[in-house]
Amino acid sequence: MTSRTGPAPRIDLHAHSTASDGTLSPAELVRAGADAGLDVLAITDHDTTAGWAPAVRALSPGLRLIRGAELSCHWSGAHPPVPLHLLAYLFDPEHPELVAELARVRAAREERGERIVALLRADGIDVSWPDILSGAGGGTVGRPHIAQALIRAGLVASTREAFGPDWLGERYRLPKEDIDVFRAVRLVRAAGGVPVFAHPRATRRGRVVPDELIAELAAAGLAGLEADHEDHSPAEQAHVRALAAELGLLVTGSSDFHGTHKSVQLGAFTTGVEAYERIVAAGVTEVASG
């Protein structure tokens, strides 16, 4: 691909908008991507494609958009099951099975959020479910939206504190319904998409799956691993890269940008051109250009 910023294109393949738990609208997200000097940006909201159309409409000349989603998954080979995330790129947004599964996950996420708020209110914590829904602006509701309500109420100082053990990280955490990761890989492939395991070794987030599972997922159709990510230590990045090389998987790097919900900025971690071109070649949906 030809870069508008020099010989090394800047490619960020993991970013969120208000269609899920980011703080920038899809249009604002792509404008921020252009302002950050990116050549390629992926919109990967949780379990939804609702941000795709407004993001495409807002594209400026020179910026390319990869349309994707971040699927909420689990591996049931441990007890309790290990939650994980699967980035899905360039899939058919009208594939019936995938559409139905994403709708189920979004509904379950909203029900879980309402139950968490009920637990908080039962302990005398003054947060309002209608206010949280309003704050989500019609996007997929998640714990970050509840965290924002706790911040507005003056109960915590930051999203990081809200996700600590005294709050949403443990005391008021409830399990969520999601997709078996093998089923998710199959669904993404059936919809013509490219599945990439998001931050697979991020031990600071909690439990991680064994390398043997990733090998099984590769055999089932997994295309790549996200190595360069703010939640991976340098050693974890190196581990992911070595595993990807062993399994013949592509490697991505991404900011996992959420706006003000996180401190990381667009383009903080990027993907190489070769991996990007492999994703584009394998996907069924075309890259959108400004």
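The following questions and answers set computed values for a predicted model against the definitions behind the terms.

Residues are numbered from 1 along each chain as its sequence is written. In this predicted model local features need pLDDT of at least 70 and side-chain atom pairs count only at pLDDT 80 or more, while totals for chains, interfaces and linings use all residues; side-chain values use heavy atoms, with hydrogens and water left out.

Q: Why is the pair Asp 123 and Arg 171 called a salt bridge?
A: A salt bridge is a side-chain nitrogen of Lys or Arg within 4 Å of a carboxyl oxygen of Asp or Glu. The N to O distance between the side chains of Asp 123 and Arg 171 is 3.5 Å, so the pair meets the definition. The structure holds 11 salt bridges.

Q: What makes Asp 123 and Arg 171 a link between distant parts of the chain?
A: They are 48 residues apart: Asp 123 sits in the loop between α3 (96–122) and α4 (129–136), and Arg 171 in the loop between α6 (159–162) and β5 (179–180). The helices (H or I, at least four residues) and strands (E, at least two) named here are DSSP runs, numbered from the N terminus.

Q: Why is Arg 171 called exposed, and why is Asp 123 called partly exposed?
A: Buried means under 20% relative accessible area, exposed over 50%, and partly exposed in between, with a 1.4 Å probe and protein chains only. Arg 171 has 56% and is therefore exposed. Asp 123 has 43%, so it is partly exposed.

Q: How do you know that Asp 231 and Arg 205 form a salt bridge?
A: Their side chains meet at 2.7 Å, N to O, which is within the 4 Å limit. This pair also links distant parts of the chain, 26 residues apart, with Asp 231 in the loop between β7 (224–228) and α9 (234–247) and Arg 205 in the loop between β6 (194–197) and α8 (211–220).

Q: Is Asp 231 buried or exposed, and what is Arg 205 called?
A: Asp 231 has a relative accessibility of 12% and therefore counts as buried. Arg 205 has 39%, so it is partly exposed.

Q: What makes Asp 256 and Lys 262 a salt bridge, and why is Asp 256 called buried?
A: The closest N and O atoms of Asp 256 and Lys 262 are 3.4 Å apart, within the 4 Å limit. Asp 256 has a relative accessible area of 2%, so it is buried. Lys 262, at 24%, counts as partly exposed.

Q: Which residues are linked in a network of salt bridges?
A: The network links Glu 101, Arg 104, Glu 177 and Arg 183.

Q: Why is α8 called oblique to α9?
A: The axes of α8 and α9 come within 11 Å and cross at roughly 40°. That angle makes α8 oblique to α9, because angles under 35 degrees count as roughly parallel, over 145 as roughly antiparallel, 65 to 115 as roughly perpendicular and the rest as oblique. Axes are lines fitted to C-alpha atoms, for helices over the stretch in contact, and angles run from 0 to 180 degrees between N-to-C directions.

Q: How do you know that α8 and α9 meet?
A: Contact means heavy atoms within 4.5 Å. By that criterion Asp 211, Ile 214, Ala 215 and Ala 218 in α8 meet His 239, Leu 243 and Leu 247 in α9.

Q: What is the angle between α4 and α5, and which residues make the contact?
A: α4 and helix α5 (residues 143–152) pack at about 115°, with their axes 9 Å apart. The contact is made by Asp 131, Ile 132, Gly 135 and Ala 136 of α4 with His 145, Ile 146, Ala 149 and Arg 152 of α5.

Q: Why is Thr 252 called buried?
A: Thr 252, in strand β8 (residues 250–253), has a relative accessible area of 1% and is therefore buried. Not counting residues up to four places away in sequence, Thr 252 touches residues including Leu 13, Val 196, Thr 271 and Ile 279.

Q: Is Leu 84 buried or exposed?
A: Leu 84 lies in strand β4 (residues 82–89), and its 7% relative accessibility means that it counts as buried. Leu 84 and Val 208 are 124 residues apart in sequence and 8.0 Å apart in space, C-alpha to C-alpha.

Q: Why is Ala 50 called exposed?
A: Ala 50, in the loop between β2 (40–46) and α2 (52–57), has a relative accessible area of 53%, so it is exposed.
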